[in-house]
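Please read the numbered points beside the sequence and the model.

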Amino acid sequence: MLTTRRVDAYHALTLVAPGIAEHLRPGHFVAVAVGGPRSSMLTRRSFSVHDVKPDYGGTVELVFTVRGPGTSWLADRRARDTLDVVGPLGRPFPLPRDPVNCVLVGGDYGSATLFGLADALQRRGCRVDFVIGAESAERVFGALRARRMGETTTLTTEDGSLGMRGRVTDVLPGVIADVRADVVYACGPMETLRGVTAVAIEFDIPVQVSVEEAMACGFGVCMTCVLPVIGEDGITRMVRACVEGPVFRGERVRFEDVGTIPFDAAGAPGAPSASTSPASPGGGGGPRNVS
Amino acid sequence: MSVDMRTYLAHVELANPITTAAGCASSGRELSQFFDLNRIGALVTRSITMAPRAGRPTPRMAETPSGLLNAVGLQGPGIDAFLDRELPWLAHRGVRTVVSIGGGTVNEYGALARRLTDAPGVTAVEVNLACPNIEDRGRVFARDGAAAAEVVSSVRALMRYDVPVIAKLSPDVADIVAVARACVDGGADALSMINTPVGMSIDTETLRPALAAVTGGLSGPAVRPLAVRCVWQVYAALPGVPIVGVGGVLTGRDAFELILAGACVVGVGTALFHDPYVCLRILRELEELLSARGFQRLADAVGLAHHHPPGGGTRHRPDVLPDPGAPGFGAAPGGSDLEESSL
Ligand SMILES: Cc1cc2nc3c(=O)[nH]c(=O)nc-3n(C[C@H](O)[C@H](O)[C@H](O)COP(=O)(O)OP(=O)(O)OC[C@H]3O[C@@H](n4cnc5c(N)ncnc54)[C@H](O)[C@@H]3O)c2cc1C
Ligand SMILES: Cc1cc2nc3c(=O)[nH]c(=O)nc-3n(C[C@H](O)[C@H](O)[C@H](O)COP(=O)(O)O)c2cc1C
Ligand code: FES
């Protein structure tokens with residue numbers, strides 16, 4: 001671990017992790033062991049990656065908020081401490097082949113993962129506009145960077161302490177119309193993703209969302225991270241966010257049914273019999289273990 | 001010094017005693033990205049059911065001190081997809097595969113066994129008895145010796161004679177030995193213990209149960225003492241029956257503990273979630289431990305603690321010498337610290 005700093009309401013950790021940095025694509029996440037070698041916390045904590053840099057052979061930066069014992073332990077780490085990190089994990093954001101107009105929407109620390117994406121999109125000649133929001137100013141992450149990178153940046157806070165008062169979904173329709181957006185990318189709380197998806201559907205443009213589900217393993221074996229997603233064939237399956245996601249096409253995620261087993265899902269009690277998707281190993285480069 | 005790590009699950013030889021635990025390695029494919037599955041003793045699949053199952057709603061997991069509560073609800077694609085896609089994949093790679101099965105009725109277990117009889121690549125069948133019995137108002141088979149035995153004997157009757165049938169027991173019973181004995185009488189060739197005891201946790205922020213299913217199975221080091229106790233009691237009562245010890249194994253030392261209690265095979269579950277390479281590390285640590293203690297064969301350590309009662313002096317009592325009839329005691333373990341105990 002290289003550095004640790006506070007960024008408004010968040011903590012940022014930079015890790016020297018050449019193996020991860022080399023293979024990481026925007027949207028991938030990493031899983032961090034917390035509590036030290038004799039920890040009583042058995043499950044790794046998942047974090048998306050904010051920044052990848054070539055220094056020291058390759059570094060990655062995580063941005064996080066303290067939620068419980070795992071993240072509070074992480075917040076107490078200091079420079080030169082060693083961390084046990086596995087990654088990159090999951091399916092990254094798919095990138096458009098053509099130079100199209102992209103609106104990137106971030107809620108809370110969800111915006112952290114958007115800058116690597118913006119960079120990749122811009123290298124393909126895409127136009128990038130940001131919409132970033134949170135409850136209050138100190139929870140809006142990356143406003144300055146968004147302003148530097150984006151054609152336009154619209155900020156929202158629910159208390160009005162920064163940008164427009166309201167939520168990202170309140171301003172999103174206007175931004176999509178103004179910039180003639182072809183595609184929307186979003187990362188943030190489930191409620192935000194649900195709202196963003198609804199807006200994109202209204203404009204009939206594709207939307208890619210990165211979801212957050214409680215994960216015990218992060219590589220597809222424990223089946224704890226599932227959510228109902230409609231497949232190519234129109235059948236809803238309980239799919240694993242860690243390997244089939246965390247990035248999904250928004251319109252395929254049944255947000256209103258997250259936390260339930262929809263009655264028509266494959267294998268639901270009493271559902272018509274349909275086979276679930278083949279077990280597919282995690283995408284993207286193959287996980288690497290570093291310290 | 002290298003240790004002979006071979007072990008037997010009934011008459012089937014495994015290259016070493018470390019296996020995955022049911023439901024913690026899916027059907028092996030994800031884990032194979034990290035290491036060659038042929039390096040562990042066997043891959044135990046998640047419990048396969050007749051029909052596809054969507055499982056339980058989320059949240060399905062909650063972390064507890066040194067443990068994990070889960071209520072996944074046997075999510076999986078069902079036996080057809082397993083036989084089409086998953087088992088052939090394992091068989092093609094020559095992976096020793098223990099297929100775990102789960103059902104809601106005796107007939108359903110039987111139907112699963114029938115489907116597995118002719119499938120190539122089944123090293124053994126593990127009967128997950130921690131499933132609610134639909135015909136007994138949802139009482140779990142593992143809690144009722146007679147029901148458990150009925151399931152085991154129907155599976156045993158249908159499986160090929162050379163495929164061992166393992167009964168997987170739950171610790172949530174008044175008398176684990178009684179259930180174990182019933183299963184062995186029903187035809188079980190080996191026993192696996194423990195499945196997860198039922199636990200619960202409440203989120204004090206939301207004031208609600210942490211799991212959508214309210215209760216869930218507790219796993220991880222928090223349950224290891226339960227596993228050691230169950231293995232110990234069953235080994236003492238049924239010394240000839242091979243035992244797969246499962247529960248909270250994180251290190252080679254933990255595996256060794258279950259082996260000393262009487263396990264000849266050790267399953268690793270929750271630890272995999274933390275470290276997909278953990279089976280290889282446990283195997284290495286176990287071999288080092290055995291070697292450091294002077295063992296030439298893993299088999300010599302199986303159940304050894306039964307012959308070393310607590311209290312230093314008693315180690316020298318002649319009446320606690322290993323029973324020469326018990327499995328694994330063909331040869332006295334070598335090494336100074338054991339010779340010193342007047343074996
Ligand atoms: C793909 C992905 C990317 C993420 N990226 C970030 C990020 O960039 N920044 C950030 O601050 N947080 C991120 N999270 C959420 C982060 O993983 C949780 O805040 C963290 O696990 C909480 O751990 P804790 O011990 O502090 O809290 P506790 O609530 O005590 O955690 C207990 C258990 O629940 C699990 N858990 C609880 N909430 C979540 C959750 N929302 N998501 C996943 N697991 C959870 C933990 O893994 C742990 O096993 C991400 C989650 C996922 C799945
Ligand atoms: C997420 C999860 C899923 C499990 N699924 C199954 C299963 O399908 N069948 C079964 O017999 N046991 C299942 N188990 C129980 C384990 O096989 C094992 O008995 C138990 O977790 C104790 O071992 P551990 O502490 O090493 O995890 C599951 C355990 C976990 C944590
Ligand atoms: S976190 Fe284990 S399967 Fe997704």
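1. B:C131 is buried, at 5% relative accessible area (buried means under 20%, exposed over 50%, partly exposed in between, with a 1.4 Å probe and protein chains only). Its place in chain B is the loop that joins β8 (124-128) to β9 (132-133); helices (H or I, at least four residues) and strands (E, at least two) are DSSP runs, numbered from the N terminus. An unreviewed UniProt entry annotates B:C131 as "active site", and such annotations may be inferred rather than shown by experiment.

2. This is a predicted model, in which local features need pLDDT of at least 70, side-chain atom pairs count only at pLDDT 80 or more, and totals for chains, interfaces and linings use all residues. Residues are numbered from 1 along each chain as its sequence is written, chains are lettered from A and ligands numbered from 1 in the order in which they are written, and side-chain values use heavy atoms, with hydrogens and water left out.

3. Which residues does B:C131 contact, apart from its neighbours within four places in sequence? They are B:L74, B:G102, B:G103, B:Y109, B:R139, B:V140 and B:F141, where contact means heavy atoms within 4.5 Å.

4. B:S201 also counts as buried, with a relative accessibility of 17%. This serine sits in the loop between β13 (198-200) and β14 (202-203) of chain B. Beyond four places in sequence, B:S201 touches B:A62, B:T64, B:L69, B:P209 and B:A210.

5. Ligand 2 lies between chains A and B. Around ligand 2 there are 21 residues, the closest being B:A22, B:S47, B:K168, B:G248 and B:T270 (near means a heavy atom within 4 Å). A polar side-chain atom of B:S47 is 2.7 Å from a nitrogen atom of ligand 2, and one of B:K168 is 2.7 Å from an oxygen atom of ligand 2. Of the 600 Å² of accessible area that ligand 2 has on its own, the protein covers 96% (Shrake-Rupley method, 1.4 Å probe).

6. Ligand 1 is likewise placed between chains A and B. An oxygen atom of ligand 1 is 2.9 Å from a polar side-chain atom of A:R45. The protein covers 88% of the 830 Å² of accessible area that ligand 1 has on its own.

Terms used. Polar contact = N/O pair within 3.5 Å; in protein donor to acceptor, adjacent residues only side chain to side chain.
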